[in-house]
Amino acid sequence: MDLRRLAGDVRVKTSYAFTERDGERILAAILSSEDIWRVIDLSDVPMMALCEAIRAMRAAGWVEFTESRIRLTDPGRKLVQELGIAPALELRCGRCRGRGLELGPVAKIADRFKEIARSRPEAIQTYDQGYVTEESTLYRVAFMWARGDLAGKELLVLGDDDLVSLACALTGIPRRVVMLDIDERIVQFVRDVARAEGLEVEALQHDLREPLPEELLSAFDTFFCDPTESLRGFLAFAGRGISALRGPGSAGYMGLTRREASLSKWRAIQKELISSGAAITDIRDDFHDYVNWPYIETMRAWGHLPVKRVPGRDEPWYRSALIRIELVEPPRVENVRLEGDIFTDPEAATT
Ligand SMILES: [Fe+2]
C-alpha cells in the first residue's frame, strides 16, 4: 500500500474529494499529536474523509489506536520518513491568535459583550447551530470596522447565534443593524438585550429557506452570514446576503470551514461567489474558533470517529475562515424559495 493507492481507495469507497495531499496532511498532523481533535484541527482535511482515511491507514498497518490515541506504527514511521513528511507546524501568532489584526476600539465593548453573551441561548442541533467564541465575534467586528464596512453603514446579519448584531450595535457606529434568525429564542434574546441596553437592533424571525422579505432586498451596505456548510445551504444563505446588498461597493462576510468542506467545495463556492458579481478580497483562515456544542455525541461524524473522546468545551478544534467579498457588478442571484434538505451533503459532519 502506498499513499496514492490509499487516497484512491478512500475516493472510490466514499466519493469524497480525498487527495494524496490530504493523506500527507493527516500523517503530518499525527506526527504532531496523537489526539484525534488536534489531528482534525491540524490536518484541515474534511472530517468525514479524515475518519475514513485513518481507518484505511490502520488497515494498511501505518497507525494504531490505543484508547483515545492515534499513533504511528514502525511501518508508518518508515513511510513518513521515506516520503519526507514532517510534523505539522501551526505557528499561530500568540497575540492575535493568527487573525492578523488588533481589536482596536472594539476592545472597549469586549467586557460588556461577554457579559451579555453569558446568558445566550444554548446551541441546538435542530438548526445546525454552534456558535463561535466571544473573542471570535469581537475580532469579526474589528475586521469589518477596519474594512470600512461598519461605520455609517447599514448591516444585515443572516442567522445570528454568534450575536454579531449585538456586538456591532454596541460599537455605536453602524447606521442600522438588522438581524434575521429562524430560532425564536435567539430573536427574543437579541430583542431583550437591545431593549435593556438601549441598542438599536431590528430582530426578525425568518427562515432563510424562504425568500427575503421585499423590503430587505438591495437595502444594505454589508451583510454577515455564517452559513451551514453543505454546498447548497452555503450558497443559498450567501445568496440571500448578496441579494440584500445595494450593489457595487457593498460587502459581504461569511464563515467557511475546512472541517466539512473539501477544497473542491471551496472552489465551487468561490466560483459561485465570483459569478454572482463579487470579488473575493480576503480569506483569513482559522479566524473563528467554535465553542464545543452540547450535541457533539449525536453529530453525524461521531459514529465515524476512529477513536472517541468528548472534547472539552474550551478545547476548540472546529475553526473556520472569515471570507470577505465585495460586489464589483450588480448582484446576480435569485430570491426564490428552497425546497428539501439544505443542511446535509456527503461532507456534512456536524449536522
Ligand atoms: Fe498577530
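**Cavities, pocket and domain interface**

The structure holds 2 cavities of 30 Å³ or more. A cavity here is a set of points, on a 1 Å grid over the protein atoms alone, where a 1.4 Å probe fits but cannot get out; a pocket is an open set with protein on both sides within 12 Å along at least five of seven lines, and lining residues have an atom within 4 Å of a point. Grid points are joined across faces, edges and corners, and a volume is the space filled by probe spheres set on the points.

The model is predicted, with local features needing pLDDT of at least 70 and side-chain atom pairs counting only at pLDDT 80 or more, while totals for chains, interfaces and linings use all residues. Residues are numbered from 1 along each chain as its sequence is written, and side-chain values use heavy atoms, with hydrogens and water left out.

The largest cavity contains about 500 Å³ of space. Its lining has 29 residues, and Tyr127, Asp128, Gln129, Asp226 and Thr228 are the closest to its centre. By class, this lining comprises 12 nonpolar, 6 polar and 11 charged residues. The classes take Ala, Val, Leu, Ile, Met, Phe, Trp, Tyr, Cys and Pro as nonpolar, Asp, Glu, Lys and Arg as charged, and the others, Gly among them, as polar.

The second largest cavity holds about 30 Å³. Around it are Tyr16, Ala17, Phe18, Pro46, Met48, Ala49, Ser262 and Glu347, a lining of 6 nonpolar, 1 polar and 1 charged residues.

Of the open spaces, the largest pocket contains about 300 Å³. It is lined by 15 residues, with Leu235, Gly239, Glu272, Val333 and Glu334 nearest its centre. Helix H10 (231-243) and helix H11 (263-275) are the elements that give two or more residues to this lining; helices (H or I, at least four residues) and strands (E, at least two) are DSSP runs, numbered from the N terminus. H10 supplies the largest share, 6 residues. The pocket lining divides into 8 nonpolar, 3 polar and 4 charged residues.

The domain assignment, which is automatic or from a database, gives domain 1 (3-83) and domain 2 (104-327). Their C-alpha centres lie 31 Å apart. In contact (heavy atoms within 4.5 Å) are 21 residues of domain 1 and 24 residues of domain 2. The buried area, meaning the accessible area (1.4 Å probe) that two parts lose on being put together, summed over both, is about 2000 Å² between the domains, and carbon and sulfur atoms give 62% of it. Trp37, Asp44 and Met48 supply 35% of the area that domain 1 buries against domain 2, more than any other three residues.

Across this interface there are 4 salt bridges, each a side-chain nitrogen of Lys or Arg within 4 Å of a carboxyl oxygen of Asp or Glu. In the whole structure the search finds 38.
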